[in-house]
Structures are given as C-alpha cells and as structure tokens.
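Welcome! Take a moment to look it over, and then we will walk through some of its local details together.

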Amino acid sequence: MAKQTLVVVESPTKAKTIRKFLPKHYVVEASMGHVRDLPQSAADIPEKLKKEEWAKIGINVEQDFEPIYVVPKGKSKIIQDLKKKLANADELYLATDEDREGESISWHLLQLLKPKVPVKRMVFHEITKSAIEHALTDTRDVDLRLVRAQETRRILDRLVGYTVSPLIWKKIAFGLSAGRVQSAGLRMIAQRERERMAFKKASYWDLIAGLEKDKTPFQARSIEVSGKRLATGKDFDETTGKLKGDKALLILDEKRATQLKDTLKSAPFKVLSVEEKEFSSRPAIPFITSTLQQEANRKLGWGARDAMRVAQSLYEQGFITYMRTDSPSLSQEAIKGARAAVIALYGKEYLSHEPRQFASKNKGAQEAHEAIRPAGGDFKTPQDTGLSGREFALYDLIWKRTVSCQMVEAKKLSVTAKIEAKAGGDSILFSASGNRILFPGFLRAYVEGSDDPDAALEDQEVVLPAMKIGDLCNVRKLEAQDHETKPPARFTEASLVQGLEKEGIGRPSTYASIIDTILDRGYVRKVGNALVPTFTGMAVIQLLERHFENLVDYKFTSGMEKSLDDIAEGKQESIPYLKQFFLGKEGLSEQVKAQDKKIKPEESRTIDLPSLKGIDVKIGRYGAYLVKMGGKANDEVHATIPDDIAPADLTEAQAEDLLIASEKGPEPIGTDPTTGQSIYCLTGRFGPYVQLGEVTDEAPKPRRASLTKGLDPKNVPLDVALKLLSLPRVLGNHPETGKPISANLGRFGPYVVHEKDFRSLKKDDDVYTVSLERGLELLKEEKKGRRGALVLKEIGKHPDDQSPVQVMSGKYGAYVNWGKVNATLPEGTQIEAMTLDQAVALLKEREGKPKAKKRRS
C-alpha cells in the first residue's frame with residue numbers, strides 16, 4: 001500500500017478547505033479542537049492520583065506545577081482514528097492555528113500520537129493555494145516556548161479559579177467563582193456602576209434659534225449672554241452636580257431662559273463672523289481582533305463570541321486571514337490587492353498617493369501576524385464570494401475596512417457662524433456649525449459605525465447658507481430648551497473590549513470568553529446592549545477588592561499578560577514565575593490561607609451602597625435582598641430585590657417601598673368571584689406578580705402570574721389580576737398524544753407548551769384568546785432558543801426519527817440536542833464545522849449513560 005502524508009488540523013471545515021490545495025497523497029484529518037486538557041471534575045482524575053491533595057486542582061504544585069492531562073470525553077475515538085491514519089503515513093504535518101493555542105494543540109497531538117515518522121509544523125495565516133504551498137516548503141518544529149506560555153496561562157487560570165472560588169463559596173454563596181482575567185473585566189463594569197451611583201444630576205437651559213438665510217433653514221444655539229459663556233454639560237462635576245473649579249460661567253434656569261426667549265422675539269439676528277476651515281480625515285486602520293469585535297457590535301449588533309464564531313468560519317473556508325491577531329500590519333500582497341481593488345472599483349483618484357502600512361501601538365503585539373483582511377492577493381468583492389447572511393455581513397465589513405485603508409483621505413470643509421441678537425439690554429451670541437464633504441475619499445467605501453457609506457455621507461453633511469459679516473437672518477422659531485447631565489454610560493461589549501485592550505488585560509483570543517464567562521455566571525446581565533452588573537457580581541468584586549486586590553488590579557493583570565508574552569519569547573522561565581505567583585511569601589496560596597481566617601461571611605454578603613441610609617443589601621441563596629432594623633418587634637425586616645433592578649438604579653424610596661410591603665404583609669386587591677379567595681400583588685426575585693390565595697401547608701404553591709409591562713404594582717385593577725390569573729389556559733389536547741396544550745405568560749413573553757415543548761407566541765397572537773388550532777400550528781415550527789438555550793446551529797435531521805438535531809448554547813457551555821437527549825460538546829469543538837454524523841455519535845454515547853443524580857444540599 002502506497003504511503004501517505006497525514007495532515008492534522010482542528011476542524012472539518014478547515015480540513016475541507018486545505019484539502020483542495022494539497023496533492024492527492026496528502027490525507028487531511030481534524031482533531032475536533034483540543035485533544036487533552038486539565039480534569040474538569042473529580043471523576044476525570046486518574047485513580048492513582050485521587051488521594052493526592054493537589055490532584056483536586058489538576059496540577060502538582062509540589063513538583064514544578066506538572067499538570068494532569070486527560071483526554072476529554074468523546075475524543076478517544078478521534079485519537080484512535082488518527083493513530084490508524086498515521087500508521088499508513090510516512091510523514092506527519094501538524095497544521096493547527098498559528099497562535100499559542102494552536103501550538104499547544106499540536107504539542108498535545110505529538111504526546112498522544114507518539115509518531116515514529118518525521119514531523120513538521122506547518123503554519124499559515126490564510127488558507128489560499130499560495131499560502132498552503134509556501135507553508136509546505138517552510139515548515140518548522142513545534143515551538144515549545146509558545147506551548148509553555150499557553151500551558152502557563154492555563155495553569156494560572158486553574159490556580160486562581162480553584163483556590164479563590166471555594167473561599168467565595170464559603171463567604172458569600174455556594175457556586176460562585178473567580179477568574180484570573182474575568183475578575184478584572186468584572187471590576188471595570190462594577191466601577192462604572194459605582195460612578196453611576198456617585199453621579200449627581202445637574203440641569204441647565206439654553207436657547208435654540210431656527211433661522212433662515214436665502215430660503216435655506218438652519219439652526220443656531222446660544223453660547224454667550226452679555227459676554228458670559230453659558231455652561232454646558234461638560235462644565236459640571238459628575239460627583240457634585242456643580243460647576244467644575246471656579247469657572248465664571250452663567251447657568252441659565254427656566255425662568256431666565258424663557259425671559260430671554262420672549263425678549264428676542266422681535267430682535268434682529270446679525271452675522272458677526274464666518275469662519276471656514278478645510279481639514280482631512282484618514283481611514284481607520286485594518287481590523288485586529290478587538291476592533292473587529294467592537295465594530296461588529298456597533299454595526300451588526302453582535303456579541304464578541306458571535307463575531308469570532310463567524311470570523312473563524314470565514315477563515316476556515318479560506319475567505320479571510322487568521323482572526324486572532326493584535327497586529328494591524330498588512331503584507332505586500334495585501335497592500336497590492338487592496339490598491340488594485342480601489343482602482344478597479346473607485347478609480348485612481350481615490351487611491352492614496354503612497355501605500356499605507358500600519359503598526360500596532362501595543363508593545364506586546366505580534367507583528368509577525370497580519371491584520372484581519374480578505375485572503376489572498378486578489379480580493380473577492382463581497383458579492384462574488386457566494387456568501388450569505390451573517391458570513392456575508394462580516395466579510396463585507398472586513399473587505400470595506402481593508403480596501404478603504406489604501407484610499408485617499410476625505411477632504412472636508414467646516415463652517416462656523418457667530419450670530420448676535422440684542423434686546424432688553426442683553427446681547428445673546430448664537431453659534432451655527434456646518435460641514436461639507438469636498439471629496440469623499442475613503443468614505444466612499446467605509447464609514448465607521450455605518451452600514452451604508454453613501455447614506456452616511458449624506459448624514460455627515462450639515463449645509464449652512466452662504467453668509468457674510470453684517471447679514472441679517474430671519475427667525476423662523478425660537479425656543480428655550482432644558483438639559484440634564486447624564487451619568488457615565490454603562491459598558492457595551494464593544495466598549496468593554498476597548499477598555500480591556502487599553503489596560504492590557506487579556507489577549508485577542510480571550511476577549512470573547514471574558515464576556516461570556518461573566519454573563520454565564522450571573523455577575524452581569526445584558527439590558528439592550530448595556531452590560532449591567534448584578535448585586536451578586538458587585539458582592540464578588542467587593543470581596544476581591546478588599547482581600548485580593550492584586551487579582552483585580554489592572555496593572556497586575558496586565559503584568560501577568562506581559563510575563564506570558566516573555567515566556568512565549570523565551571525571555572522568562574515559567575516555573576520560577578509560577579512558584580513566585582502561587583508559592584511565594586506573598587503568593588496566592590498564602591493569601592488564601594490568611595484571608596480565609598480574616599474574611600467574615602456576614603460582611604462579605606453585605607454590599608456597600610452609599611445611596612441607602614440604614615438599609616443593607618445582602619446576598620442570599622436566592623439572590624439579593626434588603627435588610628432593615630425596626631420592624632413591629634424592632635427586629636429585622638427583609639425584602640427581595642427584583643432581578644431587573646440594577647445596583648445604581650436602586651433608590652432609597654424604592655427600597656423603602658419594598659420593605660414596607662414586606663413588613664405589612666400582602667394586602668388583597670380583591671376577591672376571586674369563583675373561589676372566594678383573596679388576590680394579592682407581591683414582589684419576588686423576578687419582579688412583581690399577582691397571587692390567588694395565600695401560601696399554606698395545603699396549598700404551598702398557589703396560582704401566580706407575572707405582571708405585564710406597563711402595569712403599576714401599586715395599582716393593579718381586580719379585572720386585570722383575574723385575567724392574568726386565568727393563565728395558564730388549556731387550549732385542548734394534542735391529537736397525537738392526547739396530552740394538553742396550554743397557553744401562558746413567562747419571563748420571556750407569552751407562549752404555548754405541550755409536554756415541555758415551548759413555542760413563543762407571535763406579535764399578533766393573544767395569549768388569552770389563542771386557539772388550539774393556532775397552538776398546534778406554532779408547535780410544528782422549529783424551535784428557536786433564547787439565552788441559556790440559544791440555537792447555535794441547525795445540524796440536520798436525526799436518522800432515527802427525522803426530528804431536528806441542533807447545537808445549543810446552555811449555562812454550562814455548548815451541547816447537542818435531539819428531542820429530550822442532550823450531549824455536551826467536548827472542549828475545543830468547532831461548532832460551525834460539526835457534522836450530523838459527529839452529533840449523532842455524541843447523542844448515542846449520551847443515551848447509553850445514566851442521568852446524573854442531583855446533588856443534595
């Protein structure tokens with residue numbers, strides 16, 4: 001039998017793309033991501049090591065931090081298959097990704113496969129014919145420095161997580177945890193929330209004049225009154241609500257602003273000056289990982305994880321270069337490709353005079369990596385790729401950003417006119433600003449934050465009429481306008497990634513996982529695009545700040561990243577670094593022992609909220625609650641804080657209302673005419689709800705229904721409460737199973753359900769009137785998940801019953817779902833590349849295992 005060359009990559013999609021560019025005797029196989037990892041549970045620890053104390057964390061801290069590596073579930077068969085292929089090969093090429101994680105996967109493959117044939121490490125940053133051919137002739141050995149840096153990162157994360165987390169369980173609540181990099185990210189979000197708590201609102205007024213010159217309308221805003229500059233939002237201190245410093249500014253109130261408006265009604269508006277200024281703006285630099293995630297969030301509304309998942313699919317299909325990079329530099333091939341695209345699509349007048357090259361401002365940037373750009377030297381236009389949906393949208397973004405960076409600057413003209421109006425002894429100075437695009441340059445291809453460059457060009461222009469000194473303007477409208485200063489905006493995924501990058505926290509491969517982790521742990525929730533810390537998240541970060549300050553210190557965390565970079569470059573040894581970090585006099589191990597004795601659980605469970613006087617916020621088993629002394633018997637009064645109230649939004653008045661309602665006990669809003677039982681409006685962890693009757697031994701779970709949006713919990717009409725309590729409604733029995741189909745309201749809106757199979761009602765459906773026929777129609781539709789059970793990929797129909805097989809995103813990671821059978825995906829599995837055969841194999845393996853028993857508290 002003729003010998004073959006075995007090439008191993010991470011995913012089937014990548015394998016399929018590379019296979020096209022290799023000779024026939026090359027066999028390309030996928031490892032399906034990571035093939036070895038630290039133990040995920042006690043069951044994974046080898047039997048001979050289970051008695052060792054250090055084995056609990058999967059790292060022998062007594063023997064140079066030697067990790068315990070195990071093959072994850074589902075990967076043994078893949079390794080066996082690779083060994084069989086290797087037996088018929090005379091050469092092994094390891095073609096995993098070029099970053100530290102990819103290098104680590106190659107090293108682990110070597111440890112498991114134990115090849116007796118020559119081994120070559122093959123690296124490339126794009127999957128094109130020329131790149132693959134070049135990589136075949138320019139191979140190297142596995143870089144053990146990169147492997148050691150990745151291993152050190154993994155060990156650091158495990159040491160922090162497995163030593164600090166148990167302490168948080170003891171001092172706050174079971175199940176909470178701390179992460180090395182995630183905790184610093186959480187601190188950023190918590191600090192912003194504290195800034196919002198400390199914020200003091202300020203109000204001010206000004207005048208807006210709707211003017212006209214030569215039949216062209218425009219707007220001007222007041223900036224001075226009798227030589228005194230008017231205060232604007234930037235002049236106020238956020239923590240006091242007063243003017244910064246001793247600025248001699250004028251603050252207009254409503255009375256004075258209205259008075260000025262009235263006196264100016266018949267006053268002439270005369271042009272005092274007109275200033276024109278030409279300026280240029282340069283195109284944005286090509287994408288790196290962080291800027292791609294930020295722009296995908298702003299333009300496409302995607303989270304960091306979604307952006308990376310789609311980018312990985314584009315890379316593995318050969319459409320873009322490698323998507324984890326911190327270098328914006330472009331190869332000569334890329335520069336030529338971008339400049340050729342500019343000439344072909346926009347003309348030579350849009351081409352920059354000299355080729356542009358870009359360097360990273362980040363000292364740790366790996367300049368050997370390229371920016372994220374279209375693959376190859378001949379950039380396919382988005383329309384020529386055959387892509388659709390999310391892949392098309394992201395490729396379009398990358399293509400435009402790359403091409404625009406080689407285009408000429410946009411030339412603009414700004415115009416500022418100062419206009420004076422005098423009346424009643426006052427002289428009010430107004431300012432009108434406009435700008436015109438003289439030559440669009442790169443804006444013809446790409447405008448940051450905009451989907452449509454042509455529409456964005458129009459939005460950027462504010463045209464003022466031609467004016468000269470002494471001209472008079474007609475007044476069309478004059479109004480006094482009030483303003484309030486705004487608290488600092490909460491982080492979005494885009495701005496958090498920007499903040500992490502600025503502080504040097506994390507690396508391109510970690511931004512998405514940082515955000516995912518703090519969301520999944522319940523430390524942060526998303527409200528629209530905003531990342532809002534929960535009370536639990538605030539409690540965790542408060543404990544870490546007080547007792548493990550270095551773990552959440554930005555400079556310390558950034559310094560750890562720098563040390564990992566030094567290990568990757570051979571400038572630092574990993575073992576001495578790990579010993580100092582964990583076993584030193586002030587190392588983490590000693591810190592945990594010392595702080596365990598010092599930390600008082602009651603203090604750790606109490607969150608410091610300066611806005612609440614005499615009221616404590618505590619964390620309990622079921623979430624956050626309020627505590628105040630002074631009930632009827634001068635004892636503690638407790639009240640649950642609804643999950644949808646953010647820490648900075650909880651006012652003293654709200655807290656008092658919750659406590660009063662809790663202390664008084666429920667007061668009925670009326671009586672149910674059918675049962676004669678009282679109906680109450682109560683507030684729980686998930687918000688306000690109505691309840692039929694009281695909780696008793698005979699009826700421990702009385703009928704309840706959440707209030708719909710817009711209802712005031714203090715004033716719920718009896719007829720509305722009765723209507724809410726009419727749910728769930730039984731629509732009838734399913735014709736196939738004979739089991740009931742019900743309609744109800746839930747946390748995520750109205751739905752129908754049949755044997756735990758849920759479907760959301762559509763916009764035009766009414767939960768109180770929806771029919772059995774409509775319910776059956778909805779249940780036939782393919783299921784759409786939510787956060788906690790998000791459908792990541794529709795894989796296909798199961799061969800046994802033709803029902804759908806899907807990859808879902810759950811609380812504990814991605815899993816394959818088929819009806820009532822769920823199978824966890826092995827760590828490192830490439831979701832976009834997963835096939836039906838692979839999914840069915842995982843489900844079959846899961847079916848044969850007994851269900852895990854629930855842990856007793």
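Which residue of β6 does Leu 92 stand opposite? The residue is Val 119. Before going further, please keep in mind that this is a predicted model.

**Around strand β5**

Strand β5 covers residues 89–94 and is mostly covered, with five of its six residues buried. Two strands pair with β5 here. One is strand β1, residues 4–9, which runs parallel to β5 and is joined to β5 by five bridges. In this pairing, Gln 4 stands opposite Ala 89 of β5. The other is strand β6, residues 119–121, again parallel to β5 and joined to β5 by three bridges. As a reminder of how such partners hold on to each other, strands of a sheet pair through backbone hydrogen bonds, either parallel or antiparallel. A helix also belongs to this part of the picture: β5, helix α3 (residues 100–113) and β6 make a right-handed β-α-β unit.

**A sheet of four strands**

Now turn to the open sheet whose four strands come in the order β24-β25-β26-β27, with antiparallel pairing. Which strands stand at its edges? They are β24 and β27 (757–760); each has a single partner strand, so one side of each is left without a neighbour in the sheet. On average, neighbouring strands of this sheet are turned by 25° against each other, direction ignored. Within the sheet, strand β25 (residues 740–746) and strand β26 (residues 749–754) pair in the antiparallel sense over five bridges. There, Ala 743 stands opposite Val 752 of β26.

Pro 728 lies in the loop between α22 (718–725) and β24 (729–733). The peptide bond leading from Leu 727 to Pro 728 is cis, with omega near 0°.

**Two residues with positive phi**

For background, most residues other than glycine have a negative phi, and most peptide bonds are trans. Against that background, Lys 215 has a phi near 65°, a positive value in a residue other than glycine. Lys 215 sits in the loop between β7 (203–213) and β8 (216–225). Ser 226 is not a glycine either, yet its phi is positive, at about 50°. Ser 226 is in the loop between β8 and β9 (228–229).

| Residue | Relative accessible area | Class |
|---|---|---|
| Lys 16 | 61% | exposed |
| Lys 215 | 76% | exposed |
| Ser 226 | 43% | partly exposed |
| Ser 604 | 6% | buried |

Lys 16 lies in helix α1, residues 12–19. Ser 604 is found in helix α20, residues 601–604. Why does Ser 604 count as buried? Its relative accessible area is 6%, and buried means under 20%. Leaving aside neighbours within four places in sequence, Ser 604 is in contact with Lys 171, Ile 172, Ala 539, Gln 542, Leu 543 and Ile 599.

**Two helix pairs**

Helix α5 (residues 144–171) and helix α17 (residues 554–568) pack at an angle of about 150°, and their axes are 7 Å apart. That angle makes α5 roughly antiparallel to α17, because angles over 145 degrees count that way. On the α5 side, the residues making the contact include Arg 145, Leu 146 and Leu 156, while on the α17 side they include Met 560, Glu 561 and Leu 564. By class, the residues of the contact of α5 with α17 are seven nonpolar, one polar and four charged.

The axes of helix α9 (residues 304–316) and helix α11 (residues 389–404) come within 10 Å and cross at roughly 90°. How is α9 oriented relative to α11? α9 is roughly perpendicular to α11. Among the residues that make this contact are Asp 306, Val 310 and Leu 314 of α9, together with Arg 390, Glu 391 and Tyr 395 of α11. The contact of α9 with α11 has six nonpolar, one polar and three charged residues.

Notes:
Residues numbered from 1 in each chain as written. Predicted model: local features only at pLDDT ≥ 70, side-chain atom pairs only at ≥ 80, totals over all residues. Heavy atoms only, no water. Buried < 20%, exposed > 50% of the residue type's maximum accessible area, 1.4 Å probe, protein only. Axes fitted to C-alpha atoms, helices over the stretch in contact; angles between N-to-C directions. Parallel < 35°, antiparallel > 145°, perpendicular 65-115°, else oblique. Contact = heavy atoms within 4.5 Å. Nonpolar A, V, L, I, M, F, W, Y, C, P; charged D, E, K, R; others polar. Pairing = 2+ DSSP bridges. Right-handed = clockwise from strand over helix to strand, strands pointing away.
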